[in-house]
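Me: I want a quick walk through this one. Can we start at the surface and work inwards?

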Amino acid sequence: MFVLYLKSLEIQGFKSFPNSTRLTFDKPITGIVGPNGSGKSNISDAILWVMGEQSTKTLRGGKMEDVIFGGTQRRSQKSFAEVSLILDNSEGRLQVDTSEVMLTRRYYRSGESEYYINQSLVRLKDMNDLLMDTGLGREGYCIIGQGRIGEILSTKSKDRREIFEEAAGISRYRHRKDESERKLHQTEENLLRIGDKISELELQVGPLREQAEIAKKYLLLRDEQRGLEISMWLKELEGLSTRSEKAEMDHITATRSLDAVTLDLNSFFDDSESLSELTRDSDVEAESIRVLVSESEGKHGDIESSIAVLKSQLKGNNDQIENIDQELQSQDEREGGVGSQISDREDRLKVIAEEKAKKDEDMNVLATELQYF
């Protein structure tokens, strides 16, 4: 015979237990006594609640939020309720590989509920499956409250049968049977719906067959179209390849021409630079020549002026010589009285002749210099 021993109970924020409270059951029999309203029933409610009880009526409340400590004048209300039940599993009655099993339930004011087995989050279904056929759980007989025996005796035979099945350890199989029958019923309903769907689809077979033929023709035509498109693309690709090769050759030829033109242009640029330098040198030389020409023109003017002066002097000298000759002719007649004057005139004539020869020499030099300009 397997026996489950209750080792301890931890309560926090549940009904009249605002603070964390731990109850240890280390004796064969533990009795909890106290005056009315001291919270004795809240302990049994906590045990029921942590094992998955969902009925607020069984928990002596109006709604599930009533299990959370509502606060007093000196204490503020709690935001959640938590109860942990520690069971001895040294004989392995519960299908958990530990010597102790901790069942925990936590409920928040927001309506969220959490279940834990050995601090691992589980579903309520997992909690019920674990406690099934152990006498614990919602349908168990581990907690018999006041008037519970009379209720069991006066209830229907079907409800009493559930209690006996739980005590006999076969409720698990009954639940499995009920679940299997429910799944079988759902399967039968699904089969009916599938049959209706098949009948509906059979009416569509004819049109669908025609559509299938059309689809086959479409696929054939589509494949043929793809073949033609591929052939056209290949032909176009071949043409593009030929044009690409021609364009590549034209590009190479144009590149070579460009290189040649670039070389010629660079040569022209070099020649242009050379011509520019020659032009600048020519401009400098021309400027020098203009300066020399200007200076030569000035000297030429001076020479012409000198020549004009010399010519004027020469003309005066020639006139003077003619006058002297005339005077000499007139004086020849007067040789006697003017002998001394003749001698003076001859000396004067020699001087004038020398000056004339010098002037002629200067004129010849100036004429020679003028020829170079």
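**Surface, core and ring pairs**

Reply: Leu234 is exposed, with a relative accessible area of 52%; exposed means over 50%, buried under 20%, and partly exposed in between, with a 1.4 Å probe and protein chains only. This is a predicted model: local features need pLDDT of at least 70, side-chain atom pairs count only at pLDDT 80 or more, and totals for chains, interfaces and linings use all residues. Residues are numbered from 1 along each chain as its sequence is written, and side-chain values use heavy atoms, with hydrogens and water left out.

Me: Where is Leu234 placed?

Reply: In helix α6, residues 205-332. Helices (H or I, at least four residues) and strands (E, at least two) are DSSP runs, numbered from the N terminus.

Me: Which residues form the nonpolar patch on the surface?

Reply: Ile230, Met232, Trp233, Leu234, Leu237 and Leu240. Together they have about 630 Å² of accessible area. Areas come from the Shrake-Rupley method with a 1.4 Å probe; for residues, only the protein chains shown count as cover. Patch residues have over 30% relative accessible area and no salt bridge; like charges are joined within 9 Å, nonpolar side chains (Val, Leu, Ile, Met, Phe, Trp, Tyr) within 5 Å. A salt bridge is a side-chain nitrogen of Lys or Arg within 4 Å of a carboxyl oxygen of Asp or Glu.

Me: Zoom out. How many helices and strands does the protein chain have?

Reply: Seven helices and six strands. From the N terminus, the order is β-β-α-β-β-β-β-α-α-α-α-α-α.

Me: And what are the totals for burial and surface?

Reply: Of the 373 residues in the protein chain, 21% are buried. The chain's accessible surface is about 27,200 Å², and 53% of that belongs to carbon and sulfur atoms.

Me: Now the core. Which residues have the most contacts inside the largest one?

Reply: Leu9, Phe14, Trp49, Val67, Val83, Leu85 and Leu103, in a nonpolar core of 30 residues. At least two core residues come from each of β1 (5-12), α1 (40-50), β3 (80-88), β4 (100-108), β5 (113-117) and α2 (124-131). The largest share, six residues, is from α1. A nonpolar core is a set of buried Ala, Val, Leu, Ile, Met, Phe, Trp, Tyr and Cys residues joined through side-chain atoms within 4.5 Å.

Me: Why call α1 largely enclosed?

Reply: Because eight of its 11 residues are buried. Among them are Ile43, Ala46, Ile47, Leu48, Trp49 and Val50.

Me: What do the buried residues of α1 pack against?

Reply: β1, β2, β3, β4 and α2. After α1 comes Gly52, with a positive phi near 105°.

Me: Pick a core residue. Is Val83 buried or exposed?

Reply: Buried, at 0% relative accessible area. Val83 is in strand β3. Ile11 is 72 residues away from Val83 in sequence, yet their C-alpha atoms are 4.6 Å apart.

Me: What does Val83 touch?

Reply: Leaving out residues up to four places away in sequence, its contacts include Leu9, Ile11, Phe14, Ala46, Trp49 and Leu103. Contact means heavy atoms within 4.5 Å.

Me: And Leu103, what does that one touch?

Reply: With the same exclusion of residues up to four places away, Leu103 touches Val50, Val83, Leu85, Tyr116, Met127 and Leu131, among others.

Me: Switching to rings. How many aromatic pairs does a search of the whole structure find?

Reply: Two. Phe14 and Trp49 make a tilted pair, 5.3 Å centre to centre with 40° between the planes. Phe14 sits in the loop between β1 and β2 (21-24), and Trp49 in helix α1, 35 residues apart. Both Phe14 and Trp49 are buried.

Me: How far apart are the ring centres of Phe80 and Tyr108?

Reply: 5.9 Å, with the planes at 45°, so that pair is tilted. Phe80 is in strand β3 and Tyr108 in strand β4, 28 residues apart. Phe80 is partly exposed at 23%, and Tyr108 is partly exposed at 23%.

Me: What are the pairing cut-offs?

Reply: Rings of Phe, Tyr and Trp (its six-membered ring) pair if their centres lie within 6.5 Å. Planes under 30 degrees apart are stacked, over 60 edge-to-face, the rest tilted.

Me: Last one. Where does Asn118 lie?

Reply: In the loop between β5 and β6 (120-122). Asn118 has a positive phi of about 50° without being a glycine. Arg60, in the loop between α1 and β3, has a positive phi near 60°.
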